[in-house]
Structures are given as structure tokens and as C-alpha cells.
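Hi everyone, thanks for coming.

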Amino acid sequence: MTTSLTATIRDRVQRIETMPGIPAVFLPLLKLLSHSVEEVKLDEVVRLVSYDGTIAAQCLCVAGSPLFGLAQPPKSIKAAVISLGLRRVETILLTCCLGQAFPAKKWALDPAVFWRHSLGCALVCRKFSERLAAADTEKAYMAGLLHDIGFMVNCLAFSQDFALAMERASQEGIPLDEAERATMGFTHCETGQALAEKWKLADDIVEVIAHHHAIEHSQKAQPLVALVHLSDLLCRMRGLGYGYYERHKVDLIADPAWAILLKQHRDLEAMDLVLFTFELDEAVEEIHALVATVFGSAPALART
Amino acid sequence: MTTIPQPVIAQTALRKSPDAVDPVYRQIRDLVYKVSGIYKAEEKLYLLADGCARRMKQLNVRTPREYWDHLTAAPARDAELRELLNEVTIGETCLFRSQPQLDALRKVILPELVTEKTKQITKRLRIWSAGCSTGEESYTLAMSMLEESDRLLKGWTIEILATDLNDRSVETAKAGVYGDYALRNTSDLYKRKYFSTVDEKKLLVRPEVKKLITFSRLNLQDDSKMLFMKGMDLIFCCNVLIYFDGISKSKVISHFYSNLSFGGYFFLGTSESLMKLNEQFHLVHFPGTIAYWKPSLSSGKL
């Protein structure tokens, strides 16, 4: 990518003051989440969330979904933390914040489709990392949730060009990043990276956002990037893609990302990938329901 | 595979509320997967529960827990598991059963095979429906190929081999007469295009579809005959291997691998897994479906 293109992306990302619809507590919450779990105090999180009743209510609703492990919505954020742990509640809060970023006008990429993919990928990353000893499951969730935020930038700051890329991808059935590169000369990875750097996200999350389509470029977080790459592919093959038919086959085990992950986690070898896929299918309906009830009902207000 | 009896779709209270499912059914689900590779997803647990209920009635068993003992305690457990597998796969057979499989076939695999094989002198595709039962899958494949005959497959010869162990199934398949239940997924367009009317309840597959298919009896465990089934580009074997024990299954799968040409694909039923019984096949995903691939010589993945 040329220097001038990089500068254009940075410039446009700088001009996005705040994402429309993203609640005010989002960035402070992100900052809190970039600290290690020992340093984050429950009270701080509760205080932050109490500024935004919608987020708090949605968080309880999400926590009560089978996908997050509780049979009933908890009564309060504190109760949720007691049952689920602070780390998980933080990721739920983050999910709700991002879920509010529903645009007032139509995006080139249908927001519901985008959120299904992001939430699906987050859940697959978490489930995948649960199978691997010593993996940070909530970090994996967060990485999956945020990996495609570049699409939000594209919809907001490069809407016309991105609409062409989207159209080409769906017409030809090719991967969206390929279509972006062919029509725009850059992808959601670059725009996402610019936003992630602006938001000062943790280095490993920035790497995921920047390199999940080219793992070899990742320097510091290859296993996490590989995990997200594989989960992303799997989601796209199981009804949680970008809303069009991708005309290609995916061989996850022959993918370089699999080898990278295997080097770190030998337990991957024993994994029954087909069973894993069938289990993912069970969650798909739930993910659709969650996106429809929680995110779909989010008011599409621009709070810039 | 035996002739499929007409299904009885029982309405159970389990349908919409997974919480109401007796945890034993999840145990049974896991056992069924371990033994057969068939996975009943959470939202389809009611089908498993229905199947168990029918078996429990037959055996005069009152609780799922008690039925679990029948499935796990010798000496009758193998026979009982077989009975249960029969129950849970009942009624799955119909034409156009798996749209994602057919989409993968037409949108991804055929273009790939055609490109790969264009270099060859004879433009020929060989497809094997192994364990074809009463022919629904075989005719579905034939119609899907005919749909491409003016486009992608123009000038190509299509050969479909359809085999089953059961003589009566093969005869039914050859006849090609189907009622509403088998045709529930078949569009009106296809009904008009590829069928003629027998009476108000039955349709007959047209000769131009039939002529693509050769039906015959074959035992997949007959090693000498399996050696002759060479040069296949696609093999479909849905809900057949579930009845085989581990060793026989591995053997049949190795045969399938040899029977396929390089670059060919092997499909199981939509909720069926090869588990880890074969190391040579590559597990590949297409949108909404999985298949097993014998890498092409040019792919560098052998």
C-alpha cells in the first residue's frame, strides 16, 4: 500500500469523531479492558456502566443467553460478575457497546449480518480456545468480536468504494478482502488497524485486526491471529458470513494458521473438527436471536 | 440399507424447549455420535427422543435411563444401537435433501473439476451413489447434472453409478416412482421438467434422467468388487457407514479413497462425520456443508 493511501486512511479515521451510536462509556471501558484482570476493579466497571442504563440492561439480557452460560438473566451487573466472573462480564459489556453502533442509514454491509459474523466469530474464538490448554479465552472472544471493525470504518468513511467492493464480492462469490483489494486498493484490515491504533487497543488485538487475512505479517501475536483467522473462515462456512455465497472450499487443517496454532497447542491434534462444526451450528440460531433481540432493538442514534 | 418405512413424525413437547430434554438424551446423542458418526444437534434432539420413545415402546421400557442401560449393557447393545440408528435416520430420505451439498457441487466443485479435467481427452464425470437406497439421491444428482448440461457440462458425458446392498431397494430405485413425501423438497419446475405423472399421488422420473444412472446391487464390504469401482470423481455415501463397526468402516473408507480420482470428493450425510477414521482425506468446508477431498496432483497437498 502506498504512503499516500495510508495517510488518506489515517486522515479519514481521524475524522470519525466517535462511531455513530457507540455509547460514551465504550472508550473508557476499552481502556479498562486493556489492563490485566487483576488491576481492574469491579466497582470501576459498575460505575462506568451505571452511566448508561441501556448498556446495563442489554448486558444482563446477553448474560442470560445460553451462549453466555446463565439460564436466567442476572439481576444486576454485580450479580452477573459473581456468576460469570469479571472478565466475561467485561466482554459482554464490550459486545453490547459495539452492538449499539447500528447506523441510522443503510450500510453496504447489512449491520445485522456484520454483527452476526462478529458475535459468531467471538463465540467460536472463545469455544476454540477453550479446547486449547493455556489459552486466554476471554481475550480470544474480544479478538473475534473486534477483528472486522475495519468494515465499520469502510461503511462510514469509504462508503461508495466499499459498496462497490461488496457488490463485486457477492457477484463473483469471492472473499470480501479480495474484492476490497481489487476495487479499493486496501482492505478492512488497514482501516481497522488505523481505528484500533486511534483507540489505543492492546497490541495483540491490533495485530488481529491488521493481519487476520495475512498471518505471516503478524510479529507479536501469531497464535491469536491464527485462531481468529480460522474461526473467521469457519463462521463464513457455517451461515455466519457476510450474507452472500462464497464460492470456494476451505481446508482449515491445511491452512498455515492451523500449523502455527498446532506449534503452540499440541492438543489441537486431537480435536474433532467436524463435531466442533456441528456444535457451532447449534449456536447459530441462538446468535441470530441474540443479534435480533439485543442489537436489532438498539436505537440507531448518532451520538457524535 | 433397507427400504425406508414411512416416518411417523411424533409431536413432542421437547421440540422448542431444550431445557425440557432429559439429560440422558444428550448422553445417548454422544453415544450415537461415538459409535456411528451421526450427530443430532440440540434443536433436533427431539428427533432422537422420538426415536428412543418408539424403541422404548417396543421394548416395554419406561424411562430413558432404563433405555440407556439397554444401549450400553451387553449382550444386546449392538443390536439395540442398530435399531435406534434405524429409527433416527427414518424419513430423512427424499429428493433434494441437502441444498448446501448441491450448491457446493454446482457452484464450487463442478467448476473446479471441469477446469482440472479439461486437459484430459475424454470429458467424462463419474459419480457414485454408494448405498443409494431407493434412488432419491441418485436421481437428485442426475437432475443437478442435467441442469448444467447446457452450460458447465456442455459436451461432457455423465455416468452415475448407484449401488445398494438391498435388492428390493435397487428395484424400487430403478422404477423411479415417487410420492409426495419423497418429493417434498422438489420444486414444481423440476417436477414438470423431469417427471411424468403416474396418478394424482405419484410421479415417474423421465427416461432422460434415468439413462444417466446405472443401478446395481453391491456390498460395500465385498473387497474384490470394491477394487473395480475405479475412476470416480464424486462419491456420495449418506447414512450408510453408520451401521458399520470401526474396522469395516475404515476399510470401506480406504476403498473409497482409492476409488476416487485425484481431485475427487467424498460426501457423507449432512450430520454425519468420518471422525478420525482416515488420515488421507482432507476435510474441506463449503458454505453449509463439509466434504472429504482427495487432493489433486496439481494442488501440491498430497
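**Starting from one residue**

Let's begin with I55(A): leaving out residues up to four places away in sequence, it touches P23(A), V25(A), V49(A), L93(A), C96(A) and C97(A). Before I go on, please keep in mind that this is a predicted model.

Where does I55(A) sit? You'll find it in helix α4 of chain A, which covers residues 53–63. And is I55(A) buried or exposed? It counts as buried, because it has 25 C-beta neighbours inside 10 Å, and the cut-off for buried is 20 or more. Here is a pair to look at on your screens: I55(A) and T95(A) are 40 residues apart in sequence, while their C-alpha atoms are 9.6 Å apart in space.

Now let's move to one of those partners, L93(A). Setting aside its neighbours within four places in sequence, L93(A) is in contact with I55(A), as well as with L29(A), V49(A) and C59(A).

Next, the contact between the two chains. Chain A puts in 24 residues and chain B puts in 21. On the chain A side, the elements giving two or more residues are α14 (222–237) and α16 (273–295). Of the elements on that side, α16(A) gives the most, with 8 residues.

Finally, let's look within chain B. Chain B is divided into domain 1, residues 18–89, and domain 2, residues 99–299. Taken over C-alpha atoms, the centres of these two domains are separated by 29 Å. How many residues does each domain of chain B bring to their contact? Domain 1 brings 9, and domain 2 brings 9. On the domain 1 side, helix α4 of chain B, residues 77–89, gives the most, with 3 residues. By class, that domain 1 side has 4 nonpolar, 3 polar and 2 charged residues.

That's my tour, and I'm happy to take questions.

Terms used. Residues numbered from 1 in each chain as written. Chains lettered and ligands numbered in written order. Predicted model: local features only at pLDDT ≥ 70, side-chain atom pairs only at ≥ 80, totals over all residues. Domains from an automatic or database assignment. Contact = placed C-beta atoms within 7 Å. Helix = DSSP H or I, 4+ residues; strand = E, 2+ residues; numbered from the N terminus. Nonpolar A, V, L, I, M, F, W, Y, C, P; charged D, E, K, R; others polar. Buried ≥ 20, exposed ≤ 12 C-beta atoms within 10 Å, placed from the backbone.
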